[in-house]
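Dear colleague,

I am handing over the structure we spoke about, and I would ask you to keep it open beside this message while you read. My notes on it follow below.

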Amino acid sequence: MANTSLLKLEGDAGIIAASERLGMPRREFLQFCATVAAGLGLPQGADAAVAEALATRKRPSVIWLHFQECTGCTESMLRAEHPTLEKLILDVISLDYHETLFAAAGHQAEQARKTAMAENKGRYLLVVEGAIPTRDGGIYCKVGGQTAIELTRECAADAAAVIAIGSCASWGGMPATDPNPTGASGVAAVLGKPVVTIPGCPPNPYNFLSTVVHFLTFGSLPPVDELGRPTFAYSRLIHENCERRAHFDAGRFVIEFGDEGHRKGYCLYKVGCKGPETYANCPTVLFGDAGAGTWPVGCGCPCIGCTEQGVGFSKPIHMLAKVKNAEPPQQYPRIVEEQGMGATLGSAAILAAVAGAAAGGTAMIARNLGLSHKAEEAERARTAGERTEV
Ligand code: FSX
Ligand code: SF4
Ligand code: F3S
């Protein structure tokens with residue numbers, strides 16, 4: 001069943017203008033909205049609300065701070081491909097201060113931050129990338145003469161919401177690795193109040209984009225768990241949706257890197273994969289949209305638990321994971337239909353309504369939705385070509 005409310009928007013002037021602005025075909029833009037709504041676990045019809053919000057709402061002002069980190073979070077956001085993610089992110093938000101992407105420098109940059117904060121008082125989003133060093137009065141990271149602690153507190157005071165992007169900002173991440181000489185801490189610890197965290201080193205840019213789209217559509221950030229992680233992205237163990245799970249269940253393991261099991265794509269548990277104790281949607285959302293397998297385990301590398309405090313950068317890479325959940329995976333691949341031919345426009349959102357926040361399954365179907373459209377287009381082009389030849 002097609003989602004009629006979303007399809008009705010296809011001829012809407014606002015949608016046409018938005019897709020032109022983004023340089024995306026209208027259908028692709030609407031598919032993207034359905035994908036985001038499904039990924040967020042929103043009920044049926046919410047994809048239309050997402051599309052309308054993206055097309056009409058004023059972009060929220062974003063102040064983006066950088067502290068102890070490698071800038072991988074920003075890099076991962078800018079390197080994603082389809083649909084031109086960096087374009088979408090930069091169209092969805094108004095990035096008023098970002099040290100890496102800013103042309104301005106020195107006092108000019110600082111002034112831009114202060115102006116954006118004053119003009120959008122109480123309405124801007126504060127995004128923090130990187131850990132905050134707290135030892136010795138925070139002297140190990142200063143920007144424009146202010147410590148990271150001072151800057152975070154100053155910018156958070158009038159923010160509508162605070163998002164800690166990456167594992168460093170979430171809890172300290174790699175800079176907080178024992179013995180943590182600078183006292184690297186997460187944003188929540190410095191502010192003394194919970195914030196939304198998007199952990200991962202780097203985090204998946206779709207999780208950031210979906211969080212911002214939720215804010216834009218509903219004026220609030222999505223539901224989070226006790227660590228501030230949006231439940232749409234971090235409620236399932238990697239092990240639950242891993243493509244190698246059948247090998248785990250059947251006892252087929254890689255014993256040594258490069259052995260026969262490794263070449264055959266067996267389970268990486270015995271070479272230290274932390275998927276069984278790490279909550280994230282990496283196997284279902286993937287990175288960069290470059291095709292199948294674009295996530296650590298898909299490339300043959302054990303998950304190091306980069307999204308999980310107490311696992312990533314703390315637990316030795318070779319150490320066996322604690323298997324938290326030995327339940328069967330949430331969904332199995334279809335065995336009859338060819339992948340990508342089963343989902344219709346809007347069915348991902350309907351599935352989301354049925355499955356609630358079953359992030360893994362909905363994201364997978366949503367992704368297939370895109371493939372389905374591409375397959376249809378290819379088939380249409382092929383038949384058109386045949387007709388012309390006749
Ligand atoms: Fe940390 Fe972001 Fe790791 Fe790097 O900057 S989460 S070190 S990938 O990228 O903060
Ligand atoms: Fe996948 Fe790792 Fe679980 Fe094996 S242990 S099924 S590789 S997540
Ligand atoms: Fe990180 Fe593991 Fe995902 S290493 S990127 S949480 S697969």
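How do the residues of the shell around ligand 3 divide into nonpolar, polar and charged? Please bear in mind, as you look, that this is a predicted model. The shell around ligand 3 holds nine nonpolar residues and four polar ones, with no charged residue among them. In total 13 residues surround ligand 3, and the closest are C282, P296, C303, C306 and T307.

Around ligand 2 there are 14 residues, of which C242, C267, Y269, C273 and G275 are the closest. Two elements, helix 13 (238-241) and helix 14 (245-250), each give two or more residues to this shell. The shell around ligand 2 divides into 10 nonpolar, two polar and two charged residues.

As for the protein as a whole, its secondary structure comes to 18 helices and nine strands, and buried residues make up 48% of its 390 residues. If you consider the contacts with a separation of 6 or more, 74% of them are accounted for by residues 24 or more positions apart.

The largest nonpolar core has 93 residues, and C33 and A51 are those with the most contacts inside it. Helix 3 (residues 26-39) supplies the largest share of this core, namely eight residues, while domain 1 (58-203 + 221-232) and domain 2 (238-374) each contribute at least three. If residues up to four places away in sequence are not counted, A51 touches L6, L9, I15, L30 and C33. In soluble globular proteins, nonpolar side chains tend to be buried together.

With kind regards

Note on methods. Residues numbered from 1 in each chain as written. Chains lettered and ligands numbered in written order. Predicted model: local features only at pLDDT ≥ 70, side-chain atom pairs only at ≥ 80, totals over all residues. Near = placed C-beta within 6 Å. Helix = DSSP H or I, 4+ residues; strand = E, 2+ residues; numbered from the N terminus. Nonpolar A, V, L, I, M, F, W, Y, C, P; charged D, E, K, R; others polar. Core = buried A, V, L, I, M, F, W, Y, C linked by C-beta atoms within 7 Å. Buried ≥ 20, exposed ≤ 12 C-beta atoms within 10 Å, placed from the backbone. Domains from an automatic or database assignment. Contact = placed C-beta atoms within 7 Å.
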